[in-house]
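Please load the coordinates in a viewer and keep the selection panel at hand. The stops below each name a selection and then describe what is found there.

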Amino acid sequence: VTDLKPDLIVITGDMVQWEKNPAPAMAFVESLHAPLGVYCVLGDSDMSAGRQQCLFCHPAGNVHQQRDHPRMFKNSCRTVDLGESGRTMVVAGFFVEDDGNAVDRQTPFHGLPDQNSPLLVLNHFSDGWDEALGERPRLWLAGDTHGGQIRLPDFLWERLHVVDYPRYRAGLFSDGGHKWLYVNRGLGTTGSFPFRFGVTPEITVISFKGGKEICAL
């Protein structure tokens, strides 16, 4: 990631295995740096860490202090100055609820700032990307699926019901307009299924017109 020298780095959740200590993961994330910032949302496995999950949002677990690096979004957003004639981009992130379901995709983002700026949405899940947040141009970045971890034909994934959103298992999707979804295959595996076959780990580099690059994990 350091060698890629991206302008902005995002992580879309599941930084630790289920019910594991988040401290090693946070030490890695804190070591990442990019000129426009490092932004994260939690996945459902991150939320399983019990009281230790406070480390994700608060340094040393100090609940009175919010992390600024990395910035951990919880149904919140930040306007990022792109440094080009005053151009900006809004980065917004959703958390997940304790039961593992995606939070409401509409309510947290009513009244988003800079309505004319493009929107980068971080969400551990891909469900509802084509319906949420109106017609504003946006790129929705998700994870969760690990690409399925095993390469199988699409029709089998539809029938197996192993992945929550088999249609959006991995890769780039568009509604044909200005809504885009990219689902990252991630780096690791599930604890109960600790291998991959035909689905390589992935760090995604997304380049925009104008030269800005995002590194997505």
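Begin by selecting Trp 129, Tyr 168 and Phe 173, which ring pairs link into a cluster. Rings of Phe, Tyr and Trp (its six-membered ring) pair if their centres lie within 6.5 Å; planes under 30 degrees apart count as stacked, over 60 as edge-to-face and the rest as tilted. This is a predicted model, in which local features need pLDDT of at least 70 and side-chain atom pairs count only at pLDDT 80 or more, while totals for chains, interfaces and linings use all residues. Residues are numbered from 1 along each chain as its sequence is written, and side-chain values use heavy atoms, with hydrogens and water left out.

The structure holds five aromatic pairs. Select Tyr 39 and Phe 73 next: their ring centres are 5.6 Å apart and their planes stand at 10°, so this pair is stacked. Tyr 39 lies in strand 2 and Phe 73 in the loop between strand 3 (71–72) and strand 4, so the pair ties together parts that are 34 residues apart in sequence. Strands (E, at least two residues) and helices (H or I, at least four) are DSSP runs, numbered from the N terminus. Tyr 39 is buried at 4% relative accessibility, and Phe 73 is buried at 1%. Here buried means under 20% relative accessible area, exposed over 50%, and partly exposed in between (1.4 Å probe, protein chains only).

Return to Tyr 168 and Phe 173, whose pair is edge-to-face, with 5.0 Å centre to centre and 80° between the planes. Both Tyr 168 and Phe 173 are buried.

Now display the open sheet, which six strands form in the order 4-5-6-7-9-8 with mixed pairing. Its edge strands are strand 4 (76–81) and strand 8 (171–174), each of which pairs on one side only. Two strands pair if DSSP finds at least two bridges between them. Strand 4 and strand 5 (residues 88–93) pair in the antiparallel sense over six bridges; select Val 80 to find Met 89 of strand 5 opposite.

Move to Gly 43, in the loop between strand 2 (38–40) and helix 2 (44–47). Is Gly 43 buried or exposed? At 0% relative accessibility, Gly 43 counts as buried.

Finish at Val 205, which lies in strand 10 (residues 204–207). At 37% relative accessibility, Val 205 counts as partly exposed.
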